[in-house]
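Here is a short briefing for a first look at this structure. Keep the sequence and the 3D view side by side as you read.

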Amino acid sequence: MNIKKLFACTLVLAAVAATPLSFADDEAAETPTVRSAVKSVKSFNGKINKKAKYYIYLQSASWCGPCNAEMPELAKMYPKMKRAGVELILVSADRDEETAKAFLKKYKAGFPGVMPAEAADFPGFQPASGIPNAIIVDYKGNVLKSGHGSIIKQWKEICKPNKKDDK
């Protein structure tokens, strides 16, 4: 074998050795979680808990009668939910952030709010065909339940901590 061929083979082997191998576990480790997704999102009403065990995406709007009807109860429930590691996030169907912010202020709702563009990358989030709509997910983005916004009242039964997943 001449020196040029030996050198070429050495370069090829070096390139192959430098190429990272991909395993299924590596791909799973790269799967985004809700916790990682909310880190880059700025809420227009308070901070999003980046360490919550569960997240509830509430799709709602100020112009929606049923949304207005359930908002007082949600505003009252939120502090207890937050203490239990459950983060409620309004995904507003209003035209602009200011209207959505005023909607939360009207009911003294302290939970964070975002517009649909910010929520689009949240694991487990899907735009609803009607509102109010809620999607309850664990911190990994696994959907536990979704449906009419009234399912939020079942948060204690749905959001049960699993010690092995509680990291």
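Just after helix 4, Gly85 takes a positive phi of about 85 degrees. The model is predicted. The points below start with this helix, then turn to the sheet, a charged pair and one tyrosine.

*Shape of helix 4*
- Helix 4 covers residues 65-83, a run of 19 residues.
- From its first C-alpha to its last, helix 4 reaches 29 Å, close to the 27 Å expected at 1.5 Å a residue.
- Helix 4 bends by about 40 degrees at Met77.
- A proline, Pro79, follows that bend within four residues.

*Buried side of helix 4*
- The buried residues of helix 4 are Cys67, Asn68, Glu70, Met71, Leu74, Ala75, Met77, Tyr78 and Met81.
- In an α-helix, residues three or four places apart point the same way, because there are 3.6 residues a turn.
- The cover over the buried residues of helix 4 includes strand 1 (54-60), strand 2 (86-92) and strand 5 (143-148).
- Helix 5 (97-106) and helix 7 (155-158) are also among the elements that cover them.

- Five strands form an open sheet in the order 3-2-1-4-5, with mixed pairing.
- Strand 3 (113-114) and strand 5 stand at the edges, and each has a single partner strand, so one side of each lacks a neighbour in the sheet.
- Strand 2 and strand 3 run parallel and are joined by two bridges.
- Leu90 has Gly113 in strand 3 as its bridge partner.
- Helix 5 packs on the sheet, where it touches strand 1, strand 2 and strand 3.
- The direction of helix 5 makes about 135 degrees with that of strand 2.

*The salt bridge*
- Searching the whole structure turns up one salt bridge.
- It joins the side chains of Glu73 and Lys153, at 3.4 Å from N to O.
- The pair links distant parts of the chain, 80 residues apart.
- Glu73 lies in helix 4, while Lys153 lies in the loop between strand 5 and helix 7.
- Glu73 is partly exposed, with a relative accessible area of 37%.
- Lys153 is partly exposed too, at 46%.

*Tyr57*
- Tyr57 sits in strand 1.
- Tyr57 is buried, with a relative accessible area of 0%.
- Leaving aside residues up to four places away in sequence, Tyr57 touches residues including Val34, Ile89, Phe122, Pro123 and Asn133.
- The C-alpha atoms of Tyr57 and Asn133 are 8.1 Å apart, though the two residues are separated by 76 residues along the chain.

Terms used: Residues numbered from 1 in each chain as written. Predicted model: local features only at pLDDT ≥ 70, side-chain atom pairs only at ≥ 80, totals over all residues. Heavy atoms only, no water. Expected span 1.5 Å × (residues − 1). Bend = angle between axes of the 7 residues up to and from the residue. Buried < 20%, exposed > 50% of the residue type's maximum accessible area, 1.4 Å probe, protein only. Contact = heavy atoms within 4.5 Å. Pairing = 2+ DSSP bridges. Axes fitted to C-alpha atoms, helices over the stretch in contact; angles between N-to-C directions. Salt bridge = Lys/Arg side-chain N within 4 Å of Asp/Glu carboxyl O.
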